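Let's read a protein model together, one question at a time. Keep the sequence and the 3D view side by side as you go.

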Amino acid sequence: VADRREGLGICGWILVSLSFLFVLITFPISIWTCIKIIKEYERAVVFRLGRILSKKAKGPGLILILPCTDIFIKVDLRTVTCKIPPQEILTKDAVTTQVDGVVYYRIHSAVSAVANVTDVHSATFLLAQTTLRNVLGTKSLAQLLAGREEIAHNIQTLLDSATDHWGIKVARVEIKDVRIPVAMQRAMAAEAEAAREARAKVVAAEGERNASKALKRASVVLTESPAGLQLRYLQTLTTLAAENNSTIVFPLPINMLEALGQKNRGG
């Protein structure tokens with residue numbers, strides 16, 4: 001009470017006393033102008049002769065306001081959704097992109113939100129835009145596309161520390177969409193297609209090498225067992241008969257063909 005008297009001064013307390021006397025004289029009519037209802041999700045910051053009445057906001061419920069000397073400002077404590085419009089950003093690797101996002105925040109100190117900044121919502125919105133551009137400008141396109149969650153967490157940390165003295169608590173930051181120019185999309189698609197083709201060629205070459213090794217081992221086995229070669233011929237005939245019934249194949253030993261070739265050349 002001593003601090004309040006010293007803050008208001010003698011003239012201030014005289015005005016407060018007159019206002020209270022006016023309420024008593026005009027009671028019960030004046031009571032309807034003095035009693036205010038504050039909702040559950042709201043708080044009221046009361047100013048008495050231009051000074052904040054207490055360090056904590058009032059509410060929820062009924063609060064008493066003196067006419068002529070007191071004014072109050074309602075502050076909504078619910079979570080606010082701040083949509084950041086698409087921002088033109090030049091990434092670290094000199095790629096122009098458009099990025100938009102969403103910031104979720106709420107006011108945790110009504111007194112700080114009213115006394116420390118003119119328009120807390122506008123200030124938070126502009127700061128979110130600037131922070132988004134500054135953070136994404138230090139990232140490459142690959143980091144931007146692959147590390148959205150980490151980038152969003154960094155933006156949230158920076159915003160939370162910057163708006164703490166405004167009475168703001170940043171709950172969450174999300175990067176909604178990353179738009180890349182059409183020419184860059186085509187170049188990235190061509191690069192990805194070339195990389196896939198290169199990997200396919202490597203896999204095909206690896207398969208050919210493994211197949212050649214298997215054929216080499218099979219040839220060694222068939223060379224050591226002539227009966228096995230004949231059985232392989234018969235197995236091939238069985239496969240062809242099952243698939244193409246009109247085709248008849250007579251296997252001839254390769255050495256007979258070589259003998260016929262040498263006889264024809266000699267004739």
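A salt bridge is a side-chain nitrogen of Lys or Arg within 4 Å of a carboxyl oxygen of Asp or Glu. This is a predicted model, where local features need pLDDT of at least 70, side-chain atom pairs count only at pLDDT 80 or more, and totals for chains, interfaces and linings use all residues. Residues are numbered from 1 along each chain as its sequence is written, and side-chain values use heavy atoms, with hydrogens and water left out.

Q: How many salt bridges does the structure hold?
A: Side chains of opposite charge can pair when their charged atoms come close. Counted with the cut-off above, the salt bridges in the structure number 6.

Q: What separates E206 and R209 in helix α7?
A: Helices (H or I, at least four residues) and strands (E, at least two) are DSSP runs, numbered from the N terminus. E206 forms a salt bridge with R209, with the closest N and O atoms 2.4 Å apart. Because the two residues are 3 apart in helix α7 (residues 182–224), the separation of E206 and R209 is about one helical turn.

Q: Is R78 buried, partly exposed or exposed?
A: Buried means under 20% relative accessible area, exposed over 50%, and partly exposed in between (1.4 Å probe, protein chains only). R78 forms a salt bridge with D76, the closest N and O atoms being 2.8 Å apart. The relative accessible area of R78 is 44%, so R78 is partly exposed.

Q: Which residue has R78 over its face?
A: A charge sits over a ring if NZ of Lys or CZ of Arg is within 6 Å of the ring centre and within 35 degrees of the ring normal. R78 lies at 3.8 Å from the ring centre, and the ring belongs to Y41.

Q: In what order do the 3 strands of the open sheet lie?
A: Two strands pair if DSSP finds at least two bridges between them. The pairing in the open sheet is antiparallel, and the order is β3-β2-β5.

Q: Which are the edge strands?
A: The sheet has the order β3-β2-β5. An edge strand here pairs on one side only, and the two that do so are β3 (51–52) and β5 (70–76).

Q: What is the accessible area of the nonpolar patch that includes F20 and L49?
A: Patches are made of residues with over 30% relative accessible area and no salt bridge: like charges are joined within 9 Å, nonpolar side chains (Val, Leu, Ile, Met, Phe, Trp, Tyr) within 5 Å. Areas come from the Shrake-Rupley method with a 1.4 Å probe; for residues, only the protein chains shown count as cover. F20 is in helix α1 (residues 2–25), while L49 is in the loop between β2 and β3. Together with other members, including I10 and L24, F20 and L49 have an accessible area of about 910 Å².

Q: What is the phi of C68?
A: Most residues other than glycine have a negative phi, and most peptide bonds are trans. C68 lies in the loop between β4 and β5 and is exposed because its relative accessible area is 82%. C68 is not a glycine, yet its phi is positive, near 75 degrees.

Q: Which peptide bond is cis, with omega near -5 degrees?
A: Look in the loop between β3 and β4 (61–64), where P60 has its place. The cis peptide bond runs from G59 to P60.
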